[in-house]
Amino acid sequence: MSNKIQLQPYPREGNSLLSANFLFPCKNPPLPLELIDECIDDGFKRCLKNKRGEFKNQIESPESLIKSTIKHLRERSDPILNPYFLSLLKIEDIFELDAVSYEMQRHRMSIGIFYQYLILELMRKSWHVFDASREGDIVADIDTHNFEPGIRLYMSIKKSKDTVGGQDISGVIRRLENEAKAEKNLNRPYLCVVGIATPSKGNLKGYNDRTTKVNKSNQPYSLNCEFWGPGFIFPYISGHEAIQIYSLAIKRVANYLPFMTIKFKQECSLLLKSELLKMDLIDQEGNLSIDKFLKFIVG
């Protein structure tokens, strides 16, 4: 195959580079809800595993939460901003403001992986999906309406548009197209797709949520690459609107990504205060000592 990027011979929408709308009808009939639930569970289970497929250690007890919080306070604190900020708080409030937000940050990382595997599992219900070499990538041969022999998708799934921007856009597209060009047994046109799993700035678009990207010179990054938003992806691969998928996942998320810092907030607040007293980090007024905390995080 030539190293030059060639315009792939699938129908386009008018005079644009966007693939024709008729190629991708909404899935009908929709996947049964029990299958959607299975895909959601599989996505959550995978986001709890490391790259070796082993389940990551979970912090589940108040004692382990406090141990993690103290470690986090020491290793993640800025030597100027954090001592000042924490000294303004009641000691009992430190756990909530630090540990809860940190747990949310960790869950945000996990939920990004969840979306990747949710979309992968939903696609597996309809098409022949290959194992991609990179986490978050999907390679699939899809059937297209009134176009034979169909299209091969080279997809990279991202949680949000913020995950890929600026120089990252060209890098992702180049990687996908290089993978397509390297395929020696490609027997159909290919389409590269960057799939976005959540709405941008809270704006969930309709089924026309597909676009091509151009650079600052108004030139397309690729002749054969599109960005698919959640308004299109979820109805296309499942027959259900994105908001329905989100609602079903909300009902199951607590089984996999519970907020233990909320569950044990009161107990942990008192435990942390006790530990800070033992560590001699609280001054005579009952506040966090700026000088002692600074020595704690840089000593």
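Student: Which residue forms a salt bridge with E275?
Tutor: A salt bridge here is a side-chain nitrogen of Lys or Arg within 4 Å of a carboxyl oxygen of Asp or Glu. For E275, the closest N and O atoms of the pair are 3.5 Å apart. The partner is K278.

Student: What do we work from here?
Tutor: This is a predicted model, where local features need pLDDT of at least 70, side-chain atom pairs count only at pLDDT 80 or more, and totals for chains, interfaces and linings use all residues. Residues are numbered from 1 along each chain as its sequence is written, and side-chain values use heavy atoms, with hydrogens and water left out.

Student: Which helix holds both E275 and K278?
Tutor: Helices are DSSP runs of H or I with at least four residues, strands are runs of E with at least two, and both are numbered from the N terminus. E275 and K278 are three residues apart, so about one helical turn separates them. Their helix is α9 (residues 265-278).

Student: Is K278 buried or exposed?
Tutor: Buried means under 20% relative accessible area, exposed over 50%, and partly exposed in between (1.4 Å probe, protein chains only). K278 has 63% relative accessibility. E275, at 26%, is partly exposed. K278 counts as exposed.

Student: How many salt bridges are there by this rule?
Tutor: Side chains of opposite charge can pair when their charged atoms come close. Among the pairs is R252 with D37, at 3.7 Å from N to O. The total count is 13.

Student: How many residues apart are R252 and D37?
Tutor: R252 is in helix α7 (residues 242-253), and D37 is in helix α1 (residues 33-47). The pair links distant parts of the chain. The separation is 215 residues.

Student: Where is D137, the partner of R175 in a salt bridge?
Tutor: The closest N and O atoms of R175 and D137 are 2.4 Å apart.

Student: Is D137 buried or exposed?
Tutor: R175 has a relative accessible area of 21%, so R175 is partly exposed. For D137 the value is 8%. D137 is buried.

Student: Which residues does F296 touch, leaving out those up to four places away in sequence?
Tutor: F296 is in helix α10 (residues 290-298). F296 is buried, with a relative accessible area of 15%. Contact means heavy atoms within 4.5 Å. F296 touches I70, R74, M279 and L281.
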